[in-house]
Every structure is written in structure tokens, then in C-alpha cells.
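Have the viewer open as you read.

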Amino acid sequence: EYMGVDLQAPVALNVGGRTKAALVGINYPDSQYTLRGCVNDVQAMAGFLQQQGFTDIEMLLDEQATTDNIISLFEWLVADAQPGDSLFFHYSGHGGQVRDSSGDEQDNVDETIVPVDFETTRQMTDDVIFEKLILPLPEGCQLVVFMDCCHSGTVLDLPYALQAAEEMAPVADDNPRFNLAKLHHYATNFWGKMQGIMNAF
């Protein structure tokens with residue numbers, strides 16, 4: 001038990017919806033950035049999710065976890081998402097920060113995750129994660145994200161940041177890095193693209 005939560009209890013899934021999980025674990029083998037345990041972590045998570053009723057699970061491990069493959073995994077996870085679905089994403093690897101090039105961050109940096117091929121494709125910013133993983137979700141679709149990396153607190157660019165400690169109840173504070181103008185920009189572009197696709201049929 002942790003902070004009054006029974007960690008052995010089954011996860012409360014949305015009743016009647018689909019369950020899908022996408023997991024990424026990168027140890028960066030044979031490099032100066034090597035980590036230990038990230039692949040084991042997501043493999044253990046896959047077993048846990050199966051015990052909780054998840055049947056549709058995809059994983060990217062080490063050299064599989066390229067920028068293009070991670071984006072494709074995001075797209076697979078949210079494809080045809082419906083109200084009532086329960087989705088899960090777990091990333092275990094390096095996290096970082098890069099200078100914000102779009103001017104939408106109050107602290108002038110974007111939070112990132114670090115694909116295995118980042119030296120040739122760059123780190124993946126919170127802007128990309130928000131656009132590919134968060135924005136396509138319909139209301140009523142449940143997404144749980146577990147980010148096991150540095151600088152992970154605001155890597156989804158959400159409007160609230162949950163702060164938790166053993167001596168206090170979790171509280172949701174306004175995320176100072178959330179930018180409503182960015183949400184409007186991405187939403188407008190996203191739904192414009194969707195409208196164009198629908199008009200093509």
C-alpha cells in the first residue's frame with residue numbers, strides 16, 4: 001500500500017471499452033549513454049498489464065525505439081480511440097530538455113524523451129508528444145501515461161501538474177508551462193487535417 005492506494009488491486013478500467021498499451025524501453029546499449037533496467041522495466045510492466053486485463057500490447061525495445069517507430073507507436077495507440085477505451089503508455093529511458101524554438105514555453109525549454117537514434121534525428125519534444133499522443137484522444141477515453149525519465153513532470157504539456165508526497169495528499173497545481181495558445185494552435189491544425197481527410201472520401 002502506498003499513500004492509501006492498494007498497489008495489488010486491479011486497475012479500474014473503463015467498462016466495455018478496448019484496452020491497448022504501448023511500451024518503450026531503451027537501455028542505449030554500446031553507447032556512452034547506457035542505462036540499465038529500462039528494458040526489464042517495460043517487460044515487467046507488460047506482464048502487469050496482462051494481469052490487469054490488457055490484451056493488446058505493443059513494445060519497442062532498444063534499437064527498435066527510433067523516432068519514427070515511437071511516433072508510429074503513438075499513432076497505433078490512439079488510432080480509432082473511442083469513449084470508454086482504456087489506453088496506457090510507458091516510457092523508460094533518458095529524458096532531457098532542449099531550447100524551445102517555437103516560443104510557447106515560459107522557461108524557454110521543451111521537455112523531451114530520447115529515442116535511440118536521437119543523435120541523427122534529435123530528441124522528441126513535448127510538442128510532438130502532445131500532438132501525436134494527447135490531442136487525438138476523444139472525450140471519455142482514458143489514457144494513463146507512465147514516464148520513467150528525467151524532466152518528465154511536464155513532458156505531456158498538460159494544463160495541470162500533479163504533485164505528490166508521502167506526507168501530503170496529491171494536489172493538482174496549474175502547470176506554469178502549459179500554454180493555451182499552443183493548445184489552440186495544435187487543435188486547429190489537427191482538426192483541419194482531419195476535415196481534409198474526411199472531405200477526400
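Does Asp80 count as buried or exposed? Asp80 has 61% relative accessibility, and the cut-off for exposed is over 50%, so Asp80 counts as exposed. Keep in mind that this is a predicted model.

As for where to look, Asp80 sits in the loop between helix H2 (67-78) and strand S3 (86-92). Its backbone is worth a glance too: phi of Asp80 is near 60°, positive even though the residue is not glycine. For context, most residues other than glycine have a negative phi.

## Asp30: another one

Asp30 also shows a positive phi, about 60°, and again this is not a glycine. You'll find Asp30 in the loop that runs between S1 and helix H1 (38-51). With a relative accessible area of 84%, Asp30 is exposed.

## The sheet

Now for the strands. Four of them make up an open sheet, ordered S2-S1-S3-S7, with parallel pairing. The edges belong to strand S2 (56-61) and strand S7 (142-148); each has a single partner strand, so one side of each is left without a neighbour in the sheet. Going from one strand to the next, the twist averages 10°.

Zooming in on one pair, strand S1 (residues 19-25) and S2 run in the parallel sense and are joined over six bridges.

Technical notes. Residues are numbered from 1 along each chain as its sequence is written. This is a predicted model: local features need pLDDT of at least 70, side-chain atom pairs count only at pLDDT 80 or more; totals for chains, interfaces and linings use all residues. Side-chain values use heavy atoms; hydrogens and water are left out. Two strands pair if DSSP finds at least two bridges between them. Helices (H or I, at least four residues) and strands (E, at least two) are DSSP runs, numbered from the N terminus. Axes are lines fitted to C-alpha atoms, for helices over the stretch in contact, and angles run from 0 to 180 degrees between N-to-C directions. Buried means under 20% relative accessible area, exposed over 50%, partly exposed in between (1.4 Å probe, protein chains only).
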